[in-house]
Amino acid sequence: MRWTILLVTLAFVVSAHGDAAKPECKNNLPQGTDERLKTLREHLANNPNNIHAYIIPAGDAHQSEYIAPYSMRRKFISGFTGSAGTAIVTRTKAALWTDGRYFLQGADELDCNWILMKAGLPETPSQSEWLNTELPANANVGADPFLLSISAQGHKMIAINENLIDKVWIDKPNRPDAALIAMDNHYTGKTWQSKIDDLRKQLQEKGTFAIIVPALDNVAWLLNLRGNDVPYNPVFFSYVIVTLNKIELYIDDNKVRPAAIRTHLKLDNCAGLHCITVRPYNEILSGIKAISDANPSGKIWLSPRTSSYALYSQVKAEQRYLQPSPIYLTKSMKNDVERQRMRETYIKESALYCQFMAWLSKEIKKRPANLTEMSADKYMENMRWNAFPDFKGLSFATISAVGPNGAIIHYKASEKSDTRLDPDQIYLLDAGGQYLGGTTDTTRTWKFTPGTAYERETFTRVLMGQIDLARAVWPEGTHGRFLDILARIPLYQAGLQYRHGTGHGIGIFLNVHEGPGRITSGVPAYYEKPLAPGMFFSDEPGYYEAGKFGIRLETVVMVRKANTPYNYEGMQFLEFEVMTFVPIDAINLLNVKMLTREQRVWLNQYNTDIRTKVGKFLKDKNWEDGYNWMLEYTKPVPLSDDAPPSGNSAYSSTNTVAIALMTAALMMVVNYFNRR
């Protein structure tokens, strides 16, 4: 079967000297992926379709960001563990494309068989261009149709239904089969039956009669269920098909056998349009085809981003309605109950962070040999398990990074890289948890001895950007890309930059990365939506200097209606409500003289809120060490100095906003002409 897909449209470049940059590559020593690549290439040559190249995406059959071990095919074949990246193996070469978050990690993890392709750098081949250069004319490119989405078009390819990596991966794990959790209205604020009713109204509004729901977090949200099949994300392997008069759940039968789940889904006592038919997980293709055949003139809603070609191919061309799933937007705009649960969750998470830092601040001064990135990470995780009964696990792999390791944006300490904590080096801690009431994600950067002038300057510029974004007020209907510049201006003024977005959406006891809103620069994604009340985002500017240190400050905020003195022509304005209440390092890394008066006022109010909200929780929990540590790090900063705050009027809030507005206008013009 031949089909057409887009092979990633971003630009990429091979790093300087390519794979020869590593000393071991010059000596032709055996590599960890030698045998795997050799076996895979034998399957390419022996395949009846005479495959010349094979594409291995990072995701699974549901186009997930985080995936279960049994889906980690790209990691198996390449050794690269980053969440973003696509591998392509030809009969003679192997290359892996990834973005700026993983440049250093990719260079470290890929062995000499692999070429690292870096996203966003100039003079680089796209995946399509590289294949055109490497392959002979009319060569066949293969891929698993379940692993590639239908988001666009490009190369002619061959669908290989039996995944070739699975043929190489002899000891591949089985698909997870963890138990489900039924969520009640105390956490969801809405029954699953009401969500189904709302979804059906959206189907009717678009003239469709059915929708395929392959995204695992959308299934979990829609049915008010959670699972544990995927690390860090409380989701479970399943599909849902909702039509105007039926609901079909494709899932392993043993998952829905427990009485609590059957009662929750009304499987034994259903009524009318809310009856759920349970079918085997592996029968999703025949299920889609049956629904398509039963109503040949009806439209079926498919989300291009999360629908694999395998699903897409079961729907007749004239029946396809290709638009982002409406569930994404509805799910992202949390209701009043969900908002309150998230507030409560972030207070206790902030308190735990304070208690942990009180412990760490004492321990690190002793300079113990056993205090390392990994041991600190484990200590904090154990604190969560011991302190909170509703804690269900981490929301992502903790980034516990000392000195140069902090410059690796998505660093994950391993037995090989685990580094002893040093009070004289900057320590970056990015951690979060999954609770019944919410998903957390907090980053702070610390030093336990006085920072250098340069460390203080870069840290303060990052903080200034975070504060300016948190203080923003904007008209309803604004996309996050127009706010991104606010967090970057203090860095831009010094010729500094960071290679990641400023803010990602956050689920409620769901995925730590959630769309369709986001705060990042550049051309908008087709699925992107404006910031709307009830959406939660990270506010996380940073700065990273390879070989030296990394700085990131991440505070979670929620979009809400702003109470402005005026409403121009009835226009509603929006603002952020801060959720995270963890102090920043005002002792060893802040240069307060760089802050404007407005930024100082904001910081003092933030510290007051920490003392009020988190202080009470710490007291109630009898975490005296955390309480005293919190008081030390939340002392008010002076509102004025003898010297000007920064010596540069460009830091005034008025000029910052003016620059942001001019940049936003320029981006609109550029995007307009790019579309023409």
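**Aromatic contacts and burial in a predicted model**

User: What makes the charged end of Arg36 count as sitting over the ring of Phe76?

Analyst: The charged end of Arg36 is 4.4 Å from the centre of the Phe76 ring and sits over that ring; the term requires NZ of Lys or CZ of Arg within 6 Å of the ring centre and within 35 degrees of the ring normal. This is a predicted model, in which local features need pLDDT of at least 70 and side-chain atom pairs count only at pLDDT 80 or more, while totals for chains, interfaces and linings use all residues. Residues are numbered from 1 along each chain as its sequence is written, and side-chain values use heavy atoms, with hydrogens and water left out.

User: Why is Phe76 called buried?

Analyst: Phe76 has a relative accessible area of 11%, and buried means under 20%, exposed over 50% and partly exposed in between (1.4 Å probe, protein chains only), so Phe76 is buried.

User: How many aromatic pairs does the structure hold, and why is the pair of Phe76 and Trp169 called stacked?

Analyst: There are 26 aromatic pairs. Rings of Phe, Tyr and Trp (its six-membered ring) pair if their centres lie within 6.5 Å, and planes under 30 degrees apart count as stacked, over 60 as edge-to-face and the rest as tilted. The rings of Phe76 and Trp169 have centres 4.8 Å apart and planes at 15 degrees, so the pair is stacked.

User: Why does Ser286 count as partly exposed?

Analyst: Ser286 has 44% relative accessibility and therefore counts as partly exposed.
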